[in-house]
Amino acid sequence: MAGQQFQYDDSGNTFFYFLTSFVGLIVIPATYYLWPRDQNAEQLRLKSLRRVHGRCLWYRLRLMKSQQSIVPTLKKAALLFGWAVFLLLAYKVSKLDREYQEYNPYEVLHLEAGASVAEIKKQYRVLSLKHHPDKGGDEAMFMKLAKAYSALTNEEARDNWEKYGNPDGPRVTSFGIALPAWIVDQKNSMLVLLVYGLAFMVILPVVVGTWWYRSIRYSGDQILINTTQLFMHFMYKTPTMNMKRLVMVLTAAFEFDPRSNKEAIIRPTDNIEVPQLIRELGNINVKKKEPPFCYPYSLKARVLLLTHLARMDVSENVEEDQRFVVKKCPALLQEMINVGCQLTMMATSRGGLRAPRLTSIENCMKLSQMVLQGLQEAKSPLLQLPHFEEEHLRYCISKKYKVRTLQDLVSLKDSDRRNMLRFLGEEKYDEVIAVLGSFPCINMETKLQVLDDEDSNKVTAGSIVTVTVTLTRKRMSEMFEKEDAPIPTEETNAEEQGDAKNKTKVWQNKNKGAKKAAKSKKKKLTKKKPVTQQQAKGDKAKHPNGNVAGNDDAAASKVEEDDLSDKGSESDEAEGNKDSPSERDEESDKQSDTEVDEIAGDDEEEWEALQQSIQRRERALLETKSKVTHPVYSLYFPEEKQEWWWLYIADRKEQTLVSMPNHVCTLKDTEEVELKFPAPSKTGNYQYSVILRSDSFMGLDQIKPLKLEVHEAKAMMDNHPQWDIPETEEEEDDQEDSDGIEESEEDEEDND
């Protein structure tokens, strides 16, 4: 009786199949993901950025890293070794004998299935003469021929082969385990047990445990959970946080503590170099005893960040630690903004909690710009450009040019700009213009809607308002060609400016001229009609008490109005007599038809717009855009940073957030962002601001006013007319039901 048998692979052939498959499953995906990208492409990219970013710190570090790094070479060597092992195993497998090939005696004798006995004998005679050992033939082949001949000529053997696939009858089914037999050999039992115990009881638990304990310490943005809790504590404790306090909280993050982060280093030389830097910086609240601001790691990180903002020269060891601190700051500031938004949402939903002020969140954004550019808050944005120093600013802010911002510099005529920057020289001037031309210039358009309401343009109390902001990025170099065109800048209110009577800037002259032209048009439209000489004399005449005799004018104006009204009524009557009643009815029908068509057309447009917005949302959910936008020009930041933006709506009067900041990380050319917020519960007019802030550049922020007129919400109907069913209809339905029942009963009786 047939059975089953499991056995180890004594020859090791099956193990080679398993090993080849295992190595292939590792090598093929690893090659796809780990093979170093084309170094020539990276070199070409860096070469294309050289003219603009050649002086940036991150650019110089990237060049040094690409020249000194041997990691790509090691990756290539490891992957090539893996492919060599895989190909060697595949070659070994291809040379193995097929031991489990199905036995077919007809194939051995080169006959078709179902051949007659005479054909079998004839073919055997021919092949046996050819392969007989006495005549120099193959002995193994001769034995196969003899076995096949006996299997096909013996009736019992032939029946066994046709039924069971074996001339000897049913046989035991054997399954080979893809492991060599030496693994279960008694001699190697201790070694195999030791390897199994080491792999599954030591290495695997240690790897899983290390990964688990590391993962639970970090948030989704790879920020320590303890750091997030620290930020939440201090932002709740200090809702209004100035820049000095913000720097202290930022540098108290546990990422800078060697006990929480192995990348952070406390050097023996810190006891000498850090106090020296503190003396050069001045007042940085060294004597503050509040933990964790008084801890050595926090004090060191604060000093290094402040020296970076002051652009001070430091030693090599301090510079290495400074780069580590500076690289961590943008991600930590983004986490601080997220914490501020969470506290604001909790305070809005629950009540009774203190929400961070708008100033605190905006200071985080400003500090991100300062860290990227290595500038202090009060410094001029012009210092972001190469070759600009403090002593050069006096040429720009002179009475002749009055250039204080990047927009002012772009708005100047080329001749004036060259004359103002003549201290740079021709080569440096060209570099400054190339860098300035690479800076972004964002055009921001807003559209306010209530998407889920019947009237999308009417904001009712408590409704969800959607502000669609379309951002279009251009380069400053495009503004050089259009010097008369206004450049979008930050629009500040009178409280921030401190002086409502400031002089208009260069790029606002055109707007001023447009306002004057509009005023002149209004004056032309409101000119009086020419008066007669008698009226003029009457105007000059005065009463004894000194008042102008204006009663005659008033009387004359009344007479003229009466005459005009009489004429108008006569003309209306004449027109009414001309048209017959039937014609008037036809005109009214036409007007009503056109009104219906207009309403239908508006509904179709609204429906199409709604469908387009739904499709746009679905595409946004499905597609994943790259966060690689444009490299930021930063002279002192040690890592390549992409150009990102914060977009939000705020009530600057109340110093509160209206919508949470949206971190726009995909603005390459054009981006459409939807900001949603609940409308106020009280009716009235509200003044909000749509604010766009860069996380990398200083002086490129924009503030656009947003006026919101909130109307009273429609009252909810308790009893909708569609549920008011008349009693007559109910009686008719009952009667129909009863009639149907009677008819069914009669049908049943007929069937019986």
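1. The UniProt record, in an unreviewed entry, places the feature "transmembrane region" at residues 15-35, 70-91 and 190-213; such annotations may be inferred rather than shown by experiment. The model itself is predicted, so local features need pLDDT of at least 70 and side-chain atom pairs count only at pLDDT 80 or more, while totals for chains, interfaces and linings use all residues. Residues are numbered from 1 along each chain as its sequence is written, and side-chain values use heavy atoms, with hydrogens and water left out.

2. Over residues 15-35 the chain is 95% helix and 0% strand, with the end C-alpha atoms 29 Å apart, and over residues 190-213 it is 100% helix and 0% strand, with the end C-alpha atoms 33 Å apart. Helices here are DSSP runs (H or I, at least four residues), as are strands (E, at least two), numbered from the N terminus.

3. Helix α13 (residues 296-309) packs against helix α14 (residues 316-350) at an angle of about 90°, their axes being 9 Å apart; axes are lines fitted to C-alpha atoms, for helices over the stretch in contact, and angles run from 0 to 180 degrees between N-to-C directions. That makes α13 roughly perpendicular to α14, a label for angles of 65 to 115 degrees.

4. In contact (heavy atoms within 4.5 Å), residues of α13 including Leu304 and Leu305 meet residues of α14 including Val325 and Val326.

Note on methods. Angles under 35 degrees count as roughly parallel, over 145 as roughly antiparallel, 65 to 115 as roughly perpendicular and the rest as oblique.
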